[in-house]
Amino acid sequence: MDLDPEDVFKDEEDDPDNEFFQQSEGSKEYVVYLVDASPKMFSTTCPGNDLKDETHFHSTVSCIAESLKTQIINRSYDEVAICFFNTREKKNLQDLNGVFVFNVAEREQLDRPTARLIKEFDCIEESFMREIGSQNGIVPGSRENSLYNALWVAQALLRKGSIKTADKRILLFTNEDDPFGGLPDAAKKDMTRTTLQRAKDAQDLGISIELLPLSHPDSEFNVSVFYADLIGFNGQDLAQFTQSASQKLEDMKDQLRKRMFTKRVIRKIQFHIADGLSIELNTYALIRPTVPGAITWLDSVTNHPLKIERSLICEDTGALIQERPKLFQPYRNENVKFSPDEIADIKRISPGRLCLLGFKPLTCLKDYYNLRPSTFVYPSDQEVVGSTSVFIALHRSMLQHKRFAVAFYGAASHPQLVALVAQDEVTIAGAQVEPPGMHMIYLPYSDDIRDEEEIFPDTEDDAPRADEDQIQKAAALIKRIYVKDFSTLQFANPALQRHYAVLQALALEEDDIPETIDETAPDEEGLARPAVVKSVEEFKLSVYGDNYVEEIDNLGKEKAGEASRKRKAIAEDAAKDYDWGKLAEKGQLNNLTVAALKNYLTANNLPVSGKKEALISRILTHMGK
């Protein structure tokens, strides 16, 4: 089944031309990577992934490069900018000292990441000192404040778009926890005040500032010295940030290549409860299958996406039809014309509402009824005031009486019965884990589910049964290989990861395809443990007996011999259709297909490998000609 990754979170009845759908589609994220390029970033080292020491600047650049690579797949419509501060050269629209905005040709400073940007940024360390340079932008006796300038430039870059349709973030990478520590008290207070005010101005505009600190080998990054006030942390928030700060950088490096979708309302529907009482619901898609992206056809010259257009040509005159064709249906020697709207009304089975039919106990809802991903529904008072109050009353009653609601969902394309299952709110340590609301489960039709008796009739009496010893040995084996704390979220789809790795190598013109680890492969080291091997041998002995290996080998040989005999018999029957001697004398073997030639060779136990000329030569040799 082919799915468009951009449409994965759309329901079947979603209308791409719907105004609300177009508005929600516009949500994206704007990110500015703000990197400290002071000499301290180049002199301080930390252990890398290969256990070799690497500078903080190298660690930051590699982290951003990996983040950009995964972003093309995760959130391809997000836009980024890369900005260095504490630099010798300056490059920004405000012409501020000590700030350099890195970019490539044919790309705006804040734009979607491109292959050229990633390739050139990946190699920036080789030319950074030569073309950009590093210096301390905050020194005693100077009124220059490179951090203030950097926040100003980042804020200007994020003027694009509205905070209603975009999330704006500044990611700040630095290993200096006290940027104004070497200044006199008066200058330090002044610069601290102006910098914090600049950060507050950005946050008032809806821009969030996130700090990714780099700690020294002999001392931890002290956030409370300056940056706690800049990012607005205090008390418990500061303690939680300190615990997770060291892991943030590693998480960005080790991001999994996967599609990310913004949490948004998929569709608004009306829930008809009783006569004259309807409420408004918002629907959300919690989980959908992940598939490779749809193919996009590109122009071979400009590399721009091609737009498919369809033109209608008159069958009689060959002229291009400008007007939209009209549909008709013959009736009593007369063509009855229909407009497109009338055709849509005819095809519409129901008005597209959710109508309550009744309630049933939760025990009546079986797990195997959930044949497709469910939809989460939540009330909205935007158009129907009071929807939340009615929904809460219904929600509490369903939880109290342990009932689920049966409703008819009149979707235009696939109307069906649905089950509305109430979910109570779940909180852990004051944080919401599961929101309150209802899950809309699409119930199957009667012919969607088949009984086992229909699939495997008359096999119950003949099926082998395990004895008590075999059951005990199987239970002991399962206990030995049981995976604790198992979750499907721990495993990535190896086929998708390989697909994304190939796309990355093609886009960036890399010689080597990034290695893809198949986490679904068996744990050979764990299965080789003596206790596991012993349990496996005991299980095989109890089920198959002492001659298990010999029986398998003999069975394999018997199956192979039987298959070979069948193939030879089929080839002999096919070879009888031709007079091989006459064809060889007239030199007409070359007119036969390769399959026909191979039938002769198989029937006479001759090799079938090689090209057509080799096959003919082998046949002639066998005939003695």
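Predicted model: local features only at pLDDT ≥ 70, side-chain atom pairs only at ≥ 80, totals over all residues.
Ile82 stands opposite Phe102 in E5. Numbering starts from 1 along each chain as its sequence is written, and side-chain values use heavy atoms, with hydrogens and water left out.

Strand E4 (residues 79-85) and E5 run antiparallel, with 4 bridges between them. Strands (E, at least two residues) are DSSP runs, numbered from the N terminus, and two of them pair if DSSP finds at least two bridges between them.

Now look at E5 itself, residues 99-102. Val99 and Val101 sit on one side, Phe100 and Phe102 on the other, and all are buried, leaving both faces covered. Buried here means under 20% relative accessible area, exposed over 50%, and partly exposed in between (1.4 Å probe, protein chains only). In a regular strand, side chains alternate between the two faces of the sheet.

Zoom out and there's an open sheet of 5 strands, ordered E5-E4-E1-E6-E7, with mixed pairing. Its edges are E5 and strand E7 (207-213), each pairing on one side only.

Elsewhere, Leu306 lies in the loop between strand E9 (277-285) and strand E10 (312-313). Leu306 counts as partly exposed because its relative accessibility is 49%.
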